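Please brief me on this predicted model, with the cut-offs behind each term.

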2 protein chains.
Amino acid sequence: MRILILGGDGYLGWPTAMHLAARGHEVVAVDSYLRRQLCREVNVRPLNEVPELDKRCAIWQSLTGAKIEYRIGDLTEWEVIAGVFRDFGPQAVVHYAEQPAAPYSMLNRHTATLTLRNNLLVTANVIFAVKEFSPDAHVVKLGTMGEYGTPNIDIEEGWLEVAHKGRHQKFLYPRQAGSLYHTTKIMDTDLLWFYVRTWNLRVTDLMQGPVYGIFTDETEKDERLLPFFNYDEIFGTVLNRFVVQAVAGYPLTVFGKGGQTRGFLNIKDTLNCIRLSLENLPNQGELRIFNQFTETFSINELADKVKAAGTDFGLNVDIQHLENPRIEAEEHYYNPSHTGLMELGLKPHYLDDKTLAEMLQFVIQYRDRIDRDQIYRQVKWA
Amino acid sequence: MRILILGGDGYLGWPTAMHLAARGHEVVAVDSYLRRQLCREVNVRPLNEVPELDKRCAIWQSLTGAKIEYRIGDLTEWEVIAGVFRDFGPQAVVHYAEQPAAPYSMLNRHTATLTLRNNLLVTANVIFAVKEFSPDAHVVKLGTMGEYGTPNIDIEEGWLEVAHKGRHQKFLYPRQAGSLYHTTKIMDTDLLWFYVRTWNLRVTDLMQGPVYGIFTDETEKDERLLPFFNYDEIFGTVLNRFVVQAVAGYPLTVFGKGGQTRGFLNIKDTLNCIRLSLENLPNQGELRIFNQFTETFSINELADKVKAAGTDFGLNVDIQHLENPRIEAEEHYYNPSHTGLMELGLKPHYLDDKTLAEMLQFVIQYRDRIDRDQIYRQVKWA
């Protein structure tokens with residue numbers, strides 16, 4: 001299959017590109033290096049050195065013989081995305097090309113506006129490019145479980161059948177998110193759903209939970225193929241951050257009561273979810289939505305797991321409850337459904353001692369590069 | 001009260017500015033003349049000549065002694081909106097500053113992107129400016145009944161109490177619109193609701209139905225104070241268009257079966273709804289939503305009313321059912337609630353023979369200016 005990966009330089013985009021190329025697909029990765037630029041702007045760095053796409057594609061080819069093409073360009077510009085579609089004629093598009101960090105979107109007016117503009121305009125351009133150049137192409141869009149927020153009823157998979165005054169209607173599950181970043185993902189869903197109905201697009205919208213880990217069959221081949229491992233408060237995901245804090249002897253930063261519960265998944269499962277979505281097409285005119293996570297944990301549970309695993313490594317791990325800089329429920333009902341991807345054949349990698357040990361080992365290897373000033377920035381929501 | 005009218009040159013913005021100025025409020029109207037520019041771009045003109053804001057403000061002042069200040073500037077630019085807020089310190093903001101036409105948003109990629117950018121970036125700037133300069137100010141935002149679409153259950157006023165598997169949650173009423181323009185209004189609501197929760201803003205979101213008419217206590221004073229009366233398929237609202245078609249001897253253009261039902265209101269009631277919303281503040285941290293219309297009609301019912309009223313004027317009015325260029329249900333359940341504004345004291349002006357006669361008389365007076373080529377443009381949704 002000819003597959004376009006938008007945001008192909010990212011934490012998930014690059015491993016996805018290799019995963020699909022390794023399975024014989026023709027892959028073009030597109031990125032504007034926005035995330036690299038934003039990390040420099042807020043003065044944070046990943047734990048590992050990550051070569052740019054030209055180098056990574058060359059390393060990948062030299063190791064495997066398989067090819068990944070790349071293009072550098074800003075997908076909010078029509079001529080960039082139109083050029084890629086025109087030249088490549090994708091059969092599928094995996095759309096990761098968004099500003100991905102909730103705390104970044106809450107820093108100030110500039111970062112909020114950038115997030116809103118980038119995420120909405122890229123999604124709109126993807127829709128227009130598919131309509132114009134590849135109307136049959138399957139768009140796999142990364143959404144987030146955060147779109148749903150923490151309602152007091154079960155979270156269903158994308159849709160909700162509502163009974164009201166004796167009548168019935170199926171709606172997009174009502175969404176209410178906890179950051180501007182997450183709100184732009186709600187808007188993406190609004191936009192995709194409108195054009196799916198109007199132009200018969202073929203879309204899978206994946207409501208993904210926070211991802212952890214760095215090792216996949218492909219990234220393990222060479223450390224230069226590993227994706228960004230951010231451990232800062234702005235771009236790092238929570239479990240990755242906790243593991244670095246444990247190694248650095250920095251108390252694990254739990255915000256507020258720590259009862260905040262989310263659905264998590266291993267980076268290996270992200271790749272499998274994307275592949276399974278690509279291998280099992282939705283219909284033309286269908287917005288198919290899957291909740292993409294494998295298990296739920298509260299932040300307290302994650303902290304306890306990292307503390308236990310760290311102790312096994314002889315680390316002295318403290319847990320510190322900090323005043324919550326975000327506006328969110330710290331104790332809440334949380335029961336999200338997630339059967340769709342399992343039914344397509346997903347075999348989850350659960351968060352076990354071995355996984356945590358691998359992550360700790362990786363971070364210990366890079367411990368000299370940890371910059372303690374990056375860990376806690378107190379990005380305030382209010 | 002110091003009231004800022006964003007989009008103060010528009011069909012509703014200008015009459016609102018006069019209505020509030022006539023009642024002793026200090027009013028600043030801001031506009032970029034975007035709508036004038038877009039009308040030129042698609043080669044349509046209102047039936048009447050509409051002077052620009054400098055002239056209208058001068059005419060208004062010479063007739064009434066009351067003052068309306070104006071500023072010309074693009075509110076997607078932060079320096080423009082920040083300057084206005086800094087200088088004026090508004091206590092209330094009426095936000096009409098959006099690309100307002102569903103057909104325009106569906107013309108092509110350029111018009112879609114312009115609609116998305118303009119509407120979202122202005123709304124975001126309004127939020128940021130209120131936060132930075134006037135955190136207590138009341139934002140009155142014009143939404144649209146079109147955000148709800150045509151669900152098979154009753155449309156409640158902004159919110160829906162959902163019972164699901166024995167548990168309960170109140171949600172923003174799920175929204176699913178019929179055009180990109182209407183979808184940007186859904187996104188506006190998403191954005192406002194997020195920042196109301198996060199920053200304790202004070203917002204009224206008015207879900208307005210299609211407006212008809214041109215006469216208000218203030219616009220009647222001088223024909224140069226009348227707002228744009230567009231009768232083209234792109235910027236004209238349906239009843240205004242039908243009245244012009246009746247006068248022009250052009251068959252009334254009903255799309256498809258004509259069972260499409262919407263909630264309508266007289267322009268006089270728009271002004272009263274805005275004023276009542278301003279006089280009755282929501283709480284800080286509250287997103288108050290009203291459904292703003294006074295009665296529902298199907299398109300067939302409107303066409304029949306115009307035909308009957310036109311016949312009384314000796315006009316020969318035909319009704320023509322055209323193939324529907326839009327994607328919409330042509331027969332559907334429609335039972336929207338609209339009690340909130342009535343409870344605040346709204347006394348509706350219903351669509352009666354007198355109102356239709358006034359509209360017909362106005363259009364007959366301008367009949368030489370009707371350009372038949374503007375009436376039907378076949379803007380296709382698909």
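The model is predicted: local features need pLDDT of at least 70, side-chain atom pairs count only at pLDDT 80 or more, and totals for chains, interfaces and linings use all residues. Residues are numbered from 1 along each chain as its sequence is written, chains are lettered from A and ligands numbered from 1 in the order in which they are written, and side-chain values use heavy atoms, with hydrogens and water left out.

- Contact means heavy atoms within 4.5 Å.
- Chain A gives 49 residues to the contact, and chain B gives 49 residues.
- About 4600 Å² is buried between chain A and chain B, and carbon and sulfur atoms give 64% of it. Buried area is the accessible area (1.4 Å probe) that two parts lose on being put together, summed over both.
- On the side of chain A, A:R109, A:R167 and A:F171 lose the most area to chain B, together 14% of what that side buries.

- Four salt bridges are counted between chain A and chain B. A salt bridge is a side-chain nitrogen of Lys or Arg within 4 Å of a carboxyl oxygen of Asp or Glu.
- A:K165 and B:D154 meet through their side chains in a salt bridge (3.7 Å, N to O).
- α6 (109-133), β6 (159-164), β7 (167-172) and α7 (180-199) of chain A each supply at least two residues of the side that touches chain B. α7(A) brings the largest share, 12 residues. Helices (H or I, at least four residues) and strands (E, at least two) are DSSP runs, numbered from the N terminus.

**Seven-strand sheet, chain B**

- The order is β3-β2-β1-β4-β5-β8-β12 in an open sheet with parallel pairing. Two strands pair if DSSP finds at least two bridges between them.
- β3 (69-72) and β12 (286-292) of chain B stand at the edges with a single partner strand each, so one side of each has no neighbour in the sheet.
- From one strand to the next, the twist averages 20°.
- β1 (residues 2-6) and β2 (residues 26-31) of chain B run parallel, joined by five bridges. B:I3 stands opposite B:V27 in β2(B).
- Helix α6 (residues 109-133) of chain B packs on this sheet, touching β1, β4 (92-95) and β5 (138-144), and its direction makes about 175° with that of β4(B). Axes are lines fitted to C-alpha atoms, for helices over the stretch in contact, and angles run from 0 to 180 degrees between N-to-C directions.

**Three-strand sheet, chain B**

- This open sheet runs β9-β11-β13 with mixed pairing.
- β9 (211-212) and β13 (295-298) of chain B stand at the edges, each with a single partner strand.
- β9(B) pairs with β11 (residues 261-266) of chain B in the parallel sense over two bridges. B:Y212 has B:N266 as its bridge partner in β11(B).

**Salt bridges overall**

- Over all chains, the structure holds 34 salt bridges.
- One of them joins the side chains of A:R71 and A:D87 (3.0 Å, N to O). A:R71 lies in strand β3 (residues 68-72) and A:D87 in helix α4 (residues 78-88) of chain A, 16 residues apart.
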